[in-house]
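Let's look at some of the labels used for this fold and ask what stands behind each of them.

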Amino acid sequence: MRITIDLDEILDRIYAESAWHAAYDEKIKVLTPDNARMLEMRIEDGLNDLHTRLAAYLNEWNYNPHIDKGNITMGITFKHDQPQEVEQSLHGAVVEMLAAYALMCFYGEDGTYYGTAWRLYRTKIMLIMARDQL
């Protein structure tokens, strides 16, 4: 199975969540495309964490922020054949996990739910992997 994610998909999620978060508190800085490079660095940190956790399942791994599409690719080897829904679930969970990680790095873990969201989606990804071993 091969998962391909565009960096813009993660950044758009971050911008939308940031705007929602700041809408209720005028002291909170809204993240915009002007902050993209800073956010890409945090996304890369989150990817490095995920890479370590998924290493036993990976046959391909690439992160290239300098291309337009398909910035993140993961080739995953499962023990059993997986339905298409697993690929879709993993794709969505990785996007949400990386967005939550970047938001947590920027807004902090205390007083926000981004740290909890990051751990939640990271756990969901690991549960999908663990089910393959049953």
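Q: By the rule used here, how many salt bridges are there?
A: The count comes to eight salt bridges, the rule being a side-chain nitrogen of Lys or Arg within 4 Å of a carboxyl oxygen of Asp or Glu. A word on the source: this is a predicted model, where local features need pLDDT of at least 70 and side-chain atom pairs count only at pLDDT 80 or more, while totals for chains, interfaces and linings use all residues. Residues are numbered from 1 along each chain as its sequence is written, and side-chain values use heavy atoms, with hydrogens and water left out.

Q: What makes Arg2 and Glu60 a salt bridge?
A: Their side chains meet at 2.9 Å, N to O, and the cut-off is within 4 Å, so the pair qualifies.

Q: Why is Arg2 called partly exposed?
A: Buried means under 20% relative accessible area and exposed over 50%, with partly exposed in between (1.4 Å probe, protein chains only). Arg2 has 46%, so partly exposed is the label.

Q: Why is H1 called roughly perpendicular to H2?
A: H1 and helix H2 (residues 36–54) pack at an angle of about 110°, with their axes 11 Å apart. That makes H1 roughly perpendicular to H2, because angles under 35 degrees count as roughly parallel, over 145 as roughly antiparallel, 65 to 115 as roughly perpendicular and the rest as oblique. Axes are lines fitted to C-alpha atoms, for helices over the stretch in contact, and angles run from 0 to 180 degrees between N-to-C directions. Helices here are DSSP runs (H or I, at least four residues), numbered from the N terminus.

Note on methods: Helix = DSSP H or I, 4+ residues; strand = E, 2+ residues; numbered from the N terminus.
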